[in-house]
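Subject: the structure I promised you

Hi,

Here is the model we talked about, ready for you to open in a viewer. Have a look at it first, then read on for what turned up.

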Amino acid sequence: MKRLIISIFLIFSLFLTGCNVANTKSKSIAKNSQIKKIDAVKNKINTMSLDDKIGQLVIVGLDGFTITNNINNLIKNHKVGGIILFKTNVDNSKQLVNLTNSLKTSDFQNKTPLFISVDEEGGRVSRMPNEINNFPTNKSIGKSNNSNLSYNIGKTIAEELNDFGFNMNFAPVLDINSNVNNPVIGDRSLGSNPGIVSKLGIRTMNGMRDNNIIPVIKHFPGHGDTSVDSHIGLPIVSKDLTTLNNFELIPFKEAIKNNADAIMVSHILLNKIDANNPASMSKTVITSILRKSLKFTGVVITDDMTMGAIIKYNDIGKAAVKSFNAGSDIILVCHGYSNEIKVINSLKQAVKDKTISESRLNESVYRILKLKEKYNINNKNISSSIDINTINDKIETTLRN
């Protein structure tokens, strides 16, 4: 009997040991698999030239309705990471699809596919062809205070952008419209209530994200209480951090809690926080507040560096380097081939003379590549057969429901 009990005990012990070994092995495999996945991006970075890396830090605009020698040069030789299109690049639906396809074809030999981006907010900020119906203003959507409507608008915008070959949208706007004299935000905002702006903005963000368009929330840390248009001059906001935390930052904090992928930083001067630098060039705003305090780990993109708020007071090349060292990952340069080349060359020279460290460069490239991987960004051409009626029917159905 004693021997039987000992035998049973030994068998049971071996069983437990086997289970523990199996569990340990299973955890080890899962952990190694995760490490391997992370290392795949790091390994790719290790194969990239300096030009490859610098290019990923820049999204550029172009002139006209077709691909040009300048944009070909920026893509093929300077390896830019993305393109932004405006209404001036859009003539009609067929032309737009041909343009996005030709941009992807130009990038085909590069190591990394392009962000094809746009500002498609609805209302007065729409870049779609004229034959496509527009969405109402965010102001009117905010008045309805309908979460499902906001989600479905984000979803339908994403489907529309996918049809035209885009993969990134500089929207939704999370600015709180608190200044009636604001010349640039106004009806682009979902309203003056931070709770409504947060709730509806996040639902729109999720609608885009769930349909594979990268939403870039904007304009951190809040452009709603300005009286100067940053396209023309430098807006100044005289609010301390406590005030911002209790109002302007609320929608951004909520979006970050809901795993926002990318944030656009605005060109506003917060003179009680950093009296010398606009938010887009401020280490206090981007690194101390956005990264460390709000714990944002995604991609930081500047607003267009060719806006008056920057180029009226700064050399654009130096501004780009300063913005990058402040914590930005991507510099947006929407207008002027010479501006785009200057920004790229300035960033490259800053790495060479160690104004930008290699580790800091790789950190941003890693974030950018991980975002492209997450959304499976690729240079595959899309069908040029656009069904305008189907797109418009989706928009009308969304708004009716």
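Because a compact globule of 401 residues would have a radius of gyration near 21 Å, the 24 Å of this protein chain agrees with that (the radius is taken over C-alpha atoms, and the globule rule is 2.2 Å times the number of residues to the power 0.38). Keep in mind that this is a predicted model, where local features need pLDDT of at least 70 and side-chain atom pairs count only at pLDDT 80 or more, while totals for chains, interfaces and linings use all residues. Residues are numbered from 1 along each chain as its sequence is written, and side-chain values use heavy atoms, with hydrogens and water left out.

Along the principal axes, the C-alpha atoms fill a box of roughly 90 × 55 × 55 Å. The chain has 15 helices and ten strands (DSSP runs numbered from the N terminus: helices are H or I with at least four residues, strands are E with at least two). Of the 401 residues, 54% count as buried (buried is under 20% relative accessible area, exposed over 50%, partly exposed in between, with a 1.4 Å probe and protein chains only). Among contacts with a separation of 6 or more, 80% are between residues 24 or more positions apart (a contact means heavy atoms within 4.5 Å).

Now for the holes. Rolling a probe the size of a water molecule over the atoms shows where empty space is left. How many cavities of 30 Å³ or more does the structure hold? There are three. A cavity is a set of points, on a 1 Å grid over the protein atoms alone, where a 1.4 Å probe fits but cannot get out, and lining residues have an atom within 4 Å of a point. Grid points are joined across faces, edges and corners, and a volume is the space filled by probe spheres set on the points.

The largest cavity has a volume of about 100 Å³. Its lining has 13 residues, and E121, N138, I153, P172 and T204 lie nearest the centre. Helices α5, α6 and α7 each give two or more residues to that lining, with the largest share, three residues, coming from α6.

Most residues other than glycine have a negative phi, and most peptide bonds are trans. Two lysines have a positive phi to look up: K295, at about 60°, in the loop between α10 and β9, and K354, near 70°, in the loop between α13 and α14. K295 is exposed because its relative accessibility is 60%, and K354 is exposed too, at 71%.

Leaving aside neighbours within four places in sequence, N211 touches K155, A158, E159 and N162.

Conventions
1 Å grid on protein atoms, 1.4 Å probe; cavity = no way out; pocket = protein on both sides within 12 Å on 5 of 7 lines; lining within 4 Å.
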